[in-house]
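Student: Hey, can we go through this structure together? I'd like to start with the rings and then look at some helices.

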Amino acid sequence: METLDPRGAGENRLVMILRKQFLEHIGQTSPSPMMVEVDRAEGVFFYTPEGKRYFDLVAGVSVSNVGHGNRAVVEAVQRQASDYMHIMVYGELVERPQVEYARRITELLPEGIDCLYFVNSGAEAVEVALKLAKRYTGRTELISMRRAYHGSTHGAMSMMGAPEGEEWKAEFRPLLPDVKSIRFNSLEDLQQITTRTAGVLCEVVQGEAGVRLPNPEWLRALRARCTEVGALLIFDEIQTGMGRTGEMFASVKYGIVPDVVCLAKAFGGGMPLGGVAANRNILNSFTHNPCLGHITTFGGHPVCCAAGLAALNYLVDNKIVESVEAKGAKFEALVSQHAKVLEIRRSGLLIAVELGRAEYLYRLMEIFKEEGIMSDWFLYCDTAFRISPPLTISDAEIEECCAIIHRALDRL
Ligand SMILES: Cc1ncc(COP(=O)(O)O)c(C=O)c1O
């Protein structure tokens with residue numbers, strides 16, 4: 001078997017061996033992985049071992065909001081790792097990083113949401129929210145939106161709206177029963193939310209649908225309908241939270257108070273962390289009938305909470321969120337000048353650049369790779385590419401990046 005022992009192996013040969021072992025030993029999710037090796041990352045860039053620089057326009061799918069290698073986060077991780085790491089399953093011991101982070105984040109969430117349950121990921125946050133809705137209301141029906149993405153576990157996958165989600169769901173049935181989907185932004189479809197409904201799960205801005213913005217009137221009507229029939233309104237802020245849309249949370253941007261908020265991605269400051277926030281009366285449902293209604297070994301890991309809290313403080317102290325709208329507008333103004341760009345859909349620095357043709361996208365990803373840009377298309381939209389960089393990106397970096405995007409679009 002070939003090893004990665006560097007002695008006697010040339011640099012190129014080492015890269016080849018690593019790629020081969022990547023394909024042999026790492027479980028793959030697609031037949032054509034990008035296969036770019038990462039050596040280090042800093043700010044809005046990551047670098048290969050050969051020193052090639054990539055503009056990171058994905059940011060780990062809206063994870064690295066405070067930039068790669070953020071010193072405040074790295075130091076918080078180092079400090080907490082040396083104080084203590086994992087001691088006991090979530091919820092038994094009083095751990096300062098969890099308590100401080102929960103207090104701080106609930107101060108920034110819409111009023112009345114004062115309590116947080118920590119988990120490990122976005123999909124797990126969604127699982128918890130769905131269970132909470134059933135347990136709290138005593139009902140079973142769950143409603144999601146068409147073209148929604150909420151994660152890949154059985155429960156979260158069940159909530160990928162039909163019929164579009166069918167492409168992913170079909171081979172994994174049976175999934176959760178009593179689930180239906182309605183059209184995002186359809187006032188008419190809100191009538192399908194009834195007194196049978198336990199919870200309605202909704203991204204405030206639909207990310208994987210290709211950045212689809214909510215009609216504010218529809219959001220208000222959705223809130224009103226859930227209140228009217230006693231269903232919990234669950235906002236999935238996993239991608240939109242932590243400043244991505246130009247406010248700390250998209251629910252705040254649109255002035256809607258949901259019953260439950262799911263958090264993950266940038267919530268961990270680059271470490272794996274998720275959370276479900278709600279009023280204490282709702283979240284306390286897990287303490288009885290049965291007790292231990294949802295438990296997790298690693299949820300709220302102290303190092304992840306320390307990282308998330310440091311990232312949040314960095315965003316606030318440096319007024320990063322306040323700069324997001326202007327940065328998004330700058331991207332929009334510069335990229336939209338290219339003749340191949342048909343439309344830009346955007347909320348803050350969550351941006352879809354619509355080219356209207358899937359063939360363009362497949363070719364563009366190859367060109368981007370050559371030109372040193374990391375982008376992606378969207379799960380339900382392969383005609384648009386993604387711009388969701390770290391929120392710390394500077395004006396000069398936006399200008400340089402847009403010049404490269406223009407050059408790449410010229411080559412199509
Ligand atoms: C809106 C939304 N919800 C949930 C998830 C799932 O999060 P995770 O991959 O951490 O399970 C994602 C991931 O892309 C997402 O974009």
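**Rings and helices**

Tutor: Phe 45, Tyr 47 and Phe 55 are linked into a cluster by ring pairs. Keep in mind that this is a predicted model.

Student: Okay, and how many aromatic pairs does the count come to?

Tutor: The count comes to 12 aromatic pairs. One of them is Phe 118 with Phe 267, a stacked pair at 6.0 Å centre to centre, with 20° between the planes.

Student: Where do Phe 118 and Phe 267 lie?

Tutor: Phe 118 is in strand S4, while Phe 267 is in the loop between strand S9 and strand S10, so the pair ties together parts that are 149 residues apart in sequence.

Student: Is Phe 118 buried or exposed?

Tutor: Phe 118 counts as buried, at 2% relative accessibility. Phe 267 is buried too, at 0%.

Student: Why is the pair of Phe 368 and Phe 385 edge-to-face?

Tutor: Because their planes are at 80°, and over 60 degrees counts as edge-to-face. Their ring centres are 5.2 Å apart. Phe 368 lies in helix H13 and Phe 385 in strand S14, so this pair ties together parts 17 residues apart in sequence.

Student: Switching to helices: at what angle do H12 and H14 pack?

Tutor: At about 25°, with their axes 10 Å apart. That makes H12 roughly parallel to H14, and their crossing is right-handed.

Student: Which residues make the contact?

Tutor: On H12 they include Phe 331 and Leu 334, and on H14 they include Ile 398 and Cys 402. The contact residues divide into seven nonpolar, one polar and four charged.

Methods. Residues numbered from 1 in each chain as written. Predicted model: local features only at pLDDT ≥ 70, side-chain atom pairs only at ≥ 80, totals over all residues. Heavy atoms only, no water. Axes fitted to C-alpha atoms, helices over the stretch in contact; angles between N-to-C directions. Helix = DSSP H or I, 4+ residues; strand = E, 2+ residues; numbered from the N terminus. Parallel < 35°, antiparallel > 145°, perpendicular 65-115°, else oblique. Left-handed = near helix turned anticlockwise from the far one by under 90°. Contact = heavy atoms within 4.5 Å. Nonpolar A, V, L, I, M, F, W, Y, C, P; charged D, E, K, R; others polar. Phe/Tyr/Trp six-rings, centres within 6.5 Å; stacked < 30°, edge-to-face > 60°. Buried < 20%, exposed > 50% of the residue type's maximum accessible area, 1.4 Å probe, protein only.
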